[in-house]
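Dear colleague,

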Amino acid sequence: MTELRVVDVAEDQLDDVFEVRTRSFGPGGDKEEWKESARTFIADGRYLGVQDGDTVVAAARIWPFEQWWSGRRVGNGGVAGVVVAPEYRGRGVGSLLMRAVLQRCVDKGCPLTSLYPATTVLYRHLGYEFAGSKHEYTFQAADLRTLGGGGTAVRKAGPGDADLFIELASKVNEQRRTNGPLIWPRREVESWLKDDNNFAYVAEDGFVVYRWSDGNLAVEELVAGSEETTRALWATVGSGSSIAKTVSACVPPFDPIHFLAEHEATRQAHQTRWMLRLVDAPAALAARGFANSAVLEADLRIDDPDVPANTGDWHLSVHDGSAELTPSEPVDGAVRLGPRGLAALYAGTPFATLRGTGLASGGVPELDAALDAAFGGQPAYMLDDF
Ligand SMILES: CC(C)(COP(=O)(O)OP(=O)(O)OC[C@H]1O[C@@H](n2cnc3c(N)ncnc32)[C@H](O)[C@@H]1OP(=O)(O)O)[C@@H](O)C(=O)NCCC(=O)NCCS
């Protein structure tokens with residue numbers, strides 16, 4: 001092993017990266033399609049690798065997402081495809097790579113970064129913490145068929161509707177002040193709608209995309225701004241109930257469909273947790289929304305060994321639906337947080353959980369309730385893997 005170097009993955013290294021991916025995640029996927037997608041990350045400086053001599057032995061890419069936080073968009077670097085060749089594992093290569101990924105997120109000006117961990121240890125060492133989940137439920141197709149919709153007009157949609165879909169999703173996420181759902185780059189939305197295996201329908205204030213999955217149906221995404229549209233779109237999917245017995249869907253636990261479908265979704269929802277990290281604490285807090293009623297004044301001491309710009313004494317002020325994190329003098333009794341505690345707090349984790357796990361300390365008990373009131377609310381969720 002010569003000296004390991006972090007590099008930007010080059011196009012002529014994609015065959016090597018694909019091979020490490022296959023050894024890491026197993027076979028599958030069309031190589032040419034994967035390469036086409038990988039090139040968009042390379043073009044944007046979002047594909048990093050670790051090289052031993054001339055050989056790429058590890059790689060990871062960063063999606064240019066935005067994420068909804070209490071109805072506002074916050075830039076988020078979605079880390080995916082983290083792989084280390086088996087013969088290089090267990091000696092710090094993954095950590096070297098992830099440290100470079102984090103620095104790239106800093107350089108790109110992403111206030112947040114997130115990922116779905118296959119193992120938490122590597123990412124916790126770098127300050128990521130669980131922030132929310134993706135929940136997959138299975139409904140009875142016959143229940144959905146009878147939801148009605150009161151004559152709401154629903155039309156077949158296609159790739160030309162990408163902008164409309166993005167706009168409709170934005171309206172609903174803003175109105176509902178959601179926490180966690182991702183906004184994908186436009187080209188991804190378009191290619192999703194171009195996929196012949198996806199069936200898309202749109203109504204005035206919502207849309208659905210679904211597909212066949214092992215003889216049943218799977219909703220990729222359903223967005224609806226009103227009860228009528230919720231009923232009409234789910235009923236469109238449920239109209240397949242003579243063939244498909246079930247419909248699976250990623251929706252949050254408090255989604256309207258749980259309150260409309262006659263039978264409860266299968267109890268064992270499949271839950272996949274994702275992790276979050278603040279890359280630029282002042283920017284991430286300024287970009288996030290808060291309830292207009294939330295009022296908070298708190299002194300914080302943040303220690304973030306991997307992002308020195310986050311480290312320091314800060315004053316956090318929340319009012320009129322927005323937050324401001326400003327540098328301050330050290331204050332006795334300030335709330336003390338590391339990057340994991342900060343991420344979990346940002347995502348609305350109850351402050352008692354942070355205290356109970358050592359992810360936060362200091363402060364005074366009365367402040368805990370104010371922090372919960374400001375950051376809590378809707379649990380954070382995502383609808384997609386990446
Ligand atoms: C997960 C993976 C990227 C880790 O790479 P690596 O080079 O072995 O990681 P490091 O040597 O830098 O290890 C960093 C820390 O993570 C821990 N770790 C690494 N792999 C682990 C695993 N599978 N289970 C538990 N802990 C693990 C290490 O013990 C180390 O912690 P420590 O410093 O407290 O001992 C690598 O094993 C891999 O490519 N696996 C297959 C694909 C995969 O799962 N990718 C992750 C997708 S999210």
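Predicted model: local features only at pLDDT ≥ 70, side-chain atom pairs only at ≥ 80, totals over all residues.

A nitrogen atom of the ligand is 3.5 Å from a side-chain N or O atom of T119, where a polar contact is taken as a pair of N or O atoms within 3.5 Å. The ligand taken alone exposes 900 Å², of which the protein buries 66%, with accessible areas from the Shrake-Rupley method and a 1.4 Å probe.

Residues are numbered from 1 along each chain as its sequence is written, and side-chain values use heavy atoms, with hydrogens and water left out.

Around the ligand there are 19 residues, of which V82, G90, G94, S95 and H125 come nearest (near means a heavy atom within 4 Å). By class, this shell holds ten nonpolar, seven polar and two charged residues, Gly being counted as polar. The largest share, four residues, comes from α4, a helix (a DSSP run of H or I, at least four residues) that spans 120-125.

As for the cysteines, the count of disulfides (sulfur pairs within 2.5 Å) is zero. The sulfur of C105 is 4.6 Å from its closest cysteine sulfur, in C110, and is therefore too far for a bond. C105 is buried at 0% relative accessible area, and C250 also counts as buried, at 14% (buried means under 20%).

Best regards

Note on methods:
Polar contact = N/O pair within 3.5 Å; in protein donor to acceptor, adjacent residues only side chain to side chain. Helix = DSSP H or I, 4+ residues; strand = E, 2+ residues; numbered from the N terminus. Buried < 20%, exposed > 50% of the residue type's maximum accessible area, 1.4 Å probe, protein only.
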